[in-house]
Amino acid sequence: MAEPIRVVVTGAAGQIAYSLLYMIARGEVFGKDQPIVLHLLDIPPMVGVLEGVVMELADCALPLLVEVVPTTDPAVGFKDVSAAFLVGAMPRKEGMERKDLLSANVKIFRTQGQALDKFAKKDVKVLVVGNPANTNALVCSSYAPSIPRENFSAMTRLDQNRATSQIAAKLGVPISAVKNVIIWGNHSSTQYPDAGQGKVTANGTVKSVVDAINDNGYLQGSFVETVQKRGAAVIAARKMSSAMSAAKAACDHMHDWWNGTAPGQFVSMGVFSDGSYESPKDVIFSFPVEIKNKQWKIVSGLTLSDFAKTKLSVTGKELQEEKDEALSVLDSNVSNL
């Protein structure tokens, strides 16, 4: 057996973590031969619930789970971790302005960034799930200057999974037959789900999703809207936000980051923008990426329609605004953003 790795999940007593912890501890992310020490970090009012989660993990009798470390102390939570799932965040409440939400989350992700900087391994892979995920990842990275900024990412894989599922259902093919449907921009209602790069395998032949569906009205209309508004639709139906699907997407994201992507396959990750595809630089922007040796690389040279370019411009503008608002509430001594 390999040496155990330490993995932290924040918001560990919450809904998403309840599904996520089991998937990680079963070996679905880091491999079936990789022992895990799970660090469960949450806030003091959640300690009682956390104790119940620890009991349940013990009762699962999972062979790969070497130890569970429940804590409310970031110094303990982030100590020597190789991977971090930052799930805990301040949820948006009714009547709350975006600036209020950003202000509350800046404080959370500043603390976590500082703890990562001080206590985590320097090659730690950090996935931000808690919303607003893109800008929370940006803030977190800015407070962890000793960790390479390419080690911070925001989750748009849930959006990609939603988009892939919609296309597969529309074409009547298995999920596994559809690849390279991607998400551009922010994990918000301005994101652009793009089927224009997608491929589908049917009856042994590979064709573009655009040709297979042959309905631009759908691909530019209800497809985009369904994916953009899916989170709200789940809340309306469940009276709670997406949890199982968000946990699965977090696992998919980290699994591919850890193990790499198959040749010719792209996945969506919110990463620091280098200005590719005319996106604003130095925001966390979702791009199609390929991954090798735990390093992601933005897929270059894709052809975008004028419709797609318009959508990228809208989501890029929102991310720039979020960044500027987050900057305005950050400490004045932080200049490396």
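UniProt, in an unreviewed entry, places the domain "Lactate/malate dehydrogenase C-terminal" at residues 156–327; such annotations may be inferred rather than shown by experiment. The model is predicted: local features need pLDDT of at least 70, side-chain atom pairs count only at pLDDT 80 or more, and totals for chains, interfaces and linings use all residues. Residues are numbered from 1 along each chain as its sequence is written, and side-chain values use heavy atoms, without hydrogens and water. The span 156–327 is 46% helix and 20% strand (DSSP runs, H or I of at least four residues for helices, E of at least two for strands). Its end C-alpha atoms lie 23 Å apart.

The unreviewed UniProt entry also places an active site at H187. H187 lies in the loop between β8 (182–184) and β9 (192–194). Leaving aside neighbours within four places in sequence, H187 is in contact (heavy atoms within 4.5 Å) with N131, N134, M155, T156 and D159.

Helix α6 (residues 157–171) packs against α11 at about 105°, with axes 8 Å apart. Axes are lines fitted to C-alpha atoms over the stretch in contact, and angles run from 0 to 180 degrees between N-to-C directions. The two helices are therefore roughly perpendicular (65 to 115 degrees). From α6, R157, L158 and N161 meet S245, A246, K248, A249, D252, H253 and D256 of α11.

Just after α1, G27 takes a positive phi of about 95°.

Methods. Angles under 35 degrees count as roughly parallel, over 145 as roughly antiparallel, 65 to 115 as roughly perpendicular and the rest as oblique.
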